[in-house]
Amino acid sequence: MDELFLRFGDLPLHPLAVHFAVVLLPLSAIVFIVTVCWPKFRAKFLVSSIVGLGVSIPAVYVSSQSGKAFQEVVGNPGVHAQLGDSMMALSIGMFAVAFAYWLAVKKNLAKPIIYALSFIGISVAIAAIVMIVLIGHSGAAATWSSVLG
């Protein structure tokens with residue numbers, strides 16, 4: 001199973017897969033925040049943000065699994081691996097909250113429910129964006145600190 005996530009052709013899969021998750025998840029989270037804060041964008045972009053968040057789940061999974069396989073070859077990246085392990089749950093949570101928000105808006109549920117889901121969704125989206133930045137920074141530091149000094 002590790003070999004499946006180790007390479008893409010002659011290249012290590014992890015750096016390739018990570019870039020897909022690093023772009024798609026924060027972009028979708030930002031679009032979600034915009035649609036929650038500005039109702040005129042909701043009809044146009046809410047479903048797109050949810051689809052992006054849904055597609056980011058397998059991207060995060062492949063990134064995580066390829067990172068574990070890569071770790072067997074290059075060694076433990078320390079904090080990067082610890083932070084990366086939490087991203088799967090956070091991406092699933094972000095998708096679940098965004099989907100619940102979409103359902104609440106579509107079913108025209110009571111305003112307090114929609115407001116609560118808005119607050120939770122924006123909070124989780126910010127957490128996901130911050131976590132992606134922290135994971136990316138720690139990965140770059142683990143990769144390049146020995147080269148750049």
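Which residues lie nearest the centre of the largest pocket? The legends below take up this question and others, using a predicted model.

**Figure 1. The largest pocket and its lining.** His14, Val18, His80, Ile135 and Gly139 lie nearest the centre of this pocket. They belong to a lining of 30 residues. The space inside comes to about 800 Å³. Four helices, H2, H3, H4 and H5, each supply at least two residues of the lining.

**Figure 2. The whole protein chain.** The chain holds 5 helices and 2 strands. Read from the N terminus, the order of elements is α-β-β-α-α-α-α. The C-alpha trace spans about 55 × 30 × 20 Å along its principal axes. Of the 149 residues, 35% are buried. Take the contacts between residues at least 6 apart in sequence: 78% of them join residues at least 24 apart.

**Figure 3. Helix H4, residues 79–106.** How far apart are the end C-alpha atoms of H4? They are 41 Å apart. The helix has 28 residues, and at 1.5 Å a residue it should span 40 Å, so the two values agree. H4 bends by about 25° at methionine 87. After the helix comes asparagine 108, with a positive phi near 55°.

**Figure 4. The buried residues of H4.**

**Figure 5. The largest nonpolar core.** This core has 27 residues. Which of them have the most contacts inside it? They are Leu25, Phe32, Met87, Met94 and Tyr101. The elements that give two or more residues are helix H2 (13–37), helix H3 (39–74), H4 and helix H5 (111–148). H5 gives the most, with 8 residues.

**Figure 6. Methionine 87 and its contacts.** Leaving aside residues up to four places away in sequence, methionine 87 touches Leu25, Val60, Ala128, Met131, Ile132 and Ile135.

**Figure 7. A second, separate core.** This core has 5 residues. Among them are Leu6, Leu13, Ala17 and Ala69.

Note on methods: Residues numbered from 1 in each chain as written. Predicted model: local features only at pLDDT ≥ 70, side-chain atom pairs only at ≥ 80, totals over all residues. Heavy atoms only, no water. Expected span 1.5 Å × (residues − 1). Bend = angle between axes of the 7 residues up to and from the residue. Buried < 20%, exposed > 50% of the residue type's maximum accessible area, 1.4 Å probe, protein only. Core = buried A, V, L, I, M, F, W, Y, C linked by side-chain atoms within 4.5 Å. Contact = heavy atoms within 4.5 Å. 1 Å grid on protein atoms, 1.4 Å probe; cavity = no way out; pocket = protein on both sides within 12 Å on 5 of 7 lines; lining within 4 Å. Points joined across faces, edges and corners; volume = space filled by probe spheres on them.
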